Amino acid sequence: MTKFIKLHLVRTLNKYRELQRMRVRDIMVSGDVVVARPENTVKDVFESMVEYNINGIPVIDERGKIVGLVTIKEIKPYLANGSDVKIEIVMLKDPPYTTVDEDIITAFEKMINFDRRLDQLPVINTNSEEMPYGKLVGVVYIEDIITLLYEKVIKELKTLVSLYNGNKAGSVF
């Protein structure tokens, strides 16, 4: 392995470590998070999804605690005939969530390692005095994490593979 390839390998590893140091707070969408209540209907939630151009909504109880997540996948079967069905019937109960202090790689793994791949995770702040079980403060989207992975690591890995394959073919650097 040439010095040039080793240099790229070290650079790639450093970019991965940089991602491990990034926190969810650095990339999450925060502010007024669109939420649903368990008693909301499929129709209500679908209308919110259309209005805000989103495909998933955290479901919170009367205390503000996350009790579910509803995505277009859950409500789609009910849109034609059962739009008055309550969200508590179709939501994903006790979904995974992330915290503002969690690293983005761990949040990404939660999304892809859930029973089925999720496109987003609710984000809570566990340092909230008013809600010791965690206050919903945002949402992190898988597409934002994948974009970062591509920009920081995958581009570099492609270069590394190309350099390595070129070197094996007899290229001189």
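Four strands make up an open sheet of mixed pairing, in the order β1-β7-β6-β5, where strands pair if DSSP finds at least two bridges between them, and where helices (H or I, at least four residues) and strands (E, at least two) are DSSP runs numbered from the N terminus. At the edges stand β1 (29-30) and β5 (98-99), each with a single partner strand, so one side of each is left without a neighbour in the sheet. The model is predicted, with local features requiring pLDDT of at least 70 and side-chain atom pairs counting only at pLDDT 80 or more, while totals for chains, interfaces and linings use all residues. Residues are numbered from 1 along each chain as its sequence is written, and side-chain values use heavy atoms, with hydrogens and water left out.

- Strands β1 and β7 are paired in the antiparallel sense over two bridges, and Val-29 has Val-139 in β7 as its bridge partner.
- Helix α5 lies across β5, β6 and β7 and runs at about 135° to β6, the angle being taken from 0 to 180 degrees between N-to-C directions of axes fitted to C-alpha atoms, for helices over the stretch in contact.
- In α5 (residues 104-113), the buried residues are Ile-104, Ile-105, Ala-107, Phe-108 and Met-111, where buried means under 20% relative accessible area, exposed over 50% and partly exposed in between, with a 1.4 Å probe and protein chains only.
- Seen down the axis of α5, these buried residues fall within an arc of 160°, so they line one face of the helix; the arc is that of the directions from the helix axis to the C-beta atoms.
- The N-terminal end of α5 is capped by Asp-103, a side-chain oxygen of which lies 3.1 Å from the backbone nitrogen of Ile-105.

**The antiparallel sheet**

- A further open sheet consists of three strands in the order β2-β3-β4, with antiparallel pairing; its edge strands, β2 (56-60) and β4 (92-93), each pair on one side only.
- Five bridges hold the antiparallel pairing of β2 and β3, whereas two bridges join β3 (residues 66-71) to β4.
- The hairpin formed by β2 and β3 has five residues between the strands, and Gly-64 in the turn has a positive phi of about 95°.
- Five of the five residues of β2 are buried, so this strand is largely enclosed by the rest of the structure; Gly-56, Pro-58 and Ile-60 lie on one side, and Ile-57 and Val-59 on the other.
- Helix α2 (residues 42-52) lies across β2 and β3, running at about 130° to β2.

- Gln-120, found in strand β6, is buried with a relative accessible area of 3%.
- Beyond four places in sequence, the contacts of Gln-120 (heavy atoms within 4.5 Å) include Gly-56, Ile-57, Leu-69, Met-111 and Val-140.

Definitions and conventions:
Polar contact = N/O pair within 3.5 Å; in protein donor to acceptor, adjacent residues only side chain to side chain.
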